[in-house]
Amino acid sequence: MPNINAKPRAAIIGGGFTGCALALDLQMRGFRVELYERGEISAGTSGRTHGLLHSGGRYCVEDVEAGQECIQENRILRKIAKQCIEFNGGLFIALTDSDVAYGDKFAKGAVECDIDVEEITPAEALRLEPNINPALLRAFQVPDGAFDPLRLALAFAATAKRYGAIFHSYCEVNEILRRSDGRVSGVRYLNRHENQVHDFDADVIINATGAWAGSTAALAHVDVPVRPTPGVMVAYDQRLVQRVINRLCIPDDGDILVPQRRMVLIGTTSFDHNDVDYIPVYKDQIDLMHERAAQLVPSVKNAHMRGAWMSARPLIASGGDARSLTRTYKCYDHAGQGAPGLFTITGGKATTCRLMAEKTADLVCASLGIQQTCQTRDQELDSYRQYYNDARSAM
Ligand SMILES: Cc1cc2nc3c(=O)[nH]c(=O)nc-3n(C[C@H](O)[C@H](O)[C@H](O)COP(=O)(O)OP(=O)(O)OC[C@H]3O[C@@H](n4cnc5c(N)ncnc54)[C@H](O)[C@@H]3O)c2cc1C
């Protein structure tokens, strides 16, 4: 057990949104945090998302828990991470009779999730966004936003560093060290800059490796039911809309178009794939995104396609097809699997990363008998630029 006079040491594996938000939370609660990322910050899924700050509207009918988490965190991130967010709002638009019928369930689900939605006329929607499909039949305004994926992760990391957390990029954890009683005692990692192996002694280790969480947990011979679920993103070289445009329908392929800087991005698909390190970008999925984007915003047909890429959601495994998996998150304390001191956080959304970190830190503190509570809800994040400027960086 940790020396009661010393700060408990936490090793976080993974430098995506979840790991960076967790580094801030644990460091603010008095831990000595060191984070290990095998690439650069946001090298995994976090650097390759739509960047949609979800209002929760996408989930309010089929996945109410995720919808509630999204709106709660949407409000918090708008306050603490203003620098990374364009809060332009969003529209859900109906293009068919079945979309129109879905609108009634959507309005009811939004009330249940406490999302401020307002139905507006198609003419009003076209006045707000002249490039959307003029044949739309129904429209709702929602409090969506767009965030810059790299900056959001870096802003959490920069703030964590100011509190004393240490970040090790290009350091891949290849071993979880154990004591003879099974308790984890540290990580062994390869520093890829210098091709050297080092150890860090830790009281707790948190696996925040997203879609890689299963293989990381296997280093300690424990099981995490993560189901890597990739999706394609396609970017076009023109900012054709100022708001997020969602299709008013059950979550489906190509139902979200997000403005990002001078582009728009359409996504996404959802399928099972085992090798998270190599996800081919399938042409039929790109073609499908093109078709779906043009249904929402017809001028996409004439826009130049800038690029297409894939990344994998770290969803929690259950039966059913990939599209139907919940977008909520889960924290695991692996003490019950014979690895006390080891925790995993997986699932969730970029939008809910702060909440995921809070709940994980609560679990870690409870396991060590530490009474510190979360302080990140009101902590305005430092400029993302400070991450690279700060002399406390380990690299
Ligand atoms: C196509 C797509 C679009 C999405 N769009 C949105 C959106 O618009 N809005 C939203 O809220 N959410 C969105 N999401 C979900 C969101 O992007 C993810 O939930 C989130 O990025 C997961 O973050 P993470 O930190 O848990 O995982 P990651 O970002 O994948 O971080 C895990 C990190 O662990 C590192 N790692 C792995 N193994 C090791 C090791 N052994 N040692 C050290 N480091 C290791 C990896 O390099 C990686 O950087 C989208 C997801 C996908 C797939």
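Modeller: The C-alpha centres of domain 1 and domain 2 lie 29 Å apart. Domain 1 covers 9-45 + 150-225 + 327-389, and domain 2 covers 52-147 + 227-316; these bounds come from an automatic or database domain assignment. This is a predicted model, where local features need pLDDT of at least 70 and side-chain atom pairs count only at pLDDT 80 or more, while totals for chains, interfaces and linings use all residues. Residues are numbered from 1 along each chain as its sequence is written, and side-chain values use heavy atoms, with hydrogens and water left out.

Now the contact itself (heavy atoms within 4.5 Å): domain 1 puts in 33 residues and domain 2 puts in 33 residues. About 2,800 Å² is buried between them, 59% of it from carbon and sulfur atoms. That area is the accessible area (1.4 Å probe) that the two parts lose on being put together, summed over both.

Four salt bridges turn up across this interface, each being a side-chain nitrogen of Lys or Arg within 4 Å of a carboxyl oxygen of Asp or Glu. As for salt bridges in the model, Arg354 and Glu73 form one through their side chains, at 2.9 Å, N to O.

On the domain 1 side, the elements giving two or more residues are helix 5 (149-163), strand 19 (329-333), strand 20 (342-347) and helix 8 (353-368). Helices here are DSSP runs (H or I, at least four residues), and strands are E runs of at least two, numbered from the N terminus. Helix 5 gives the largest share of that side, four residues.
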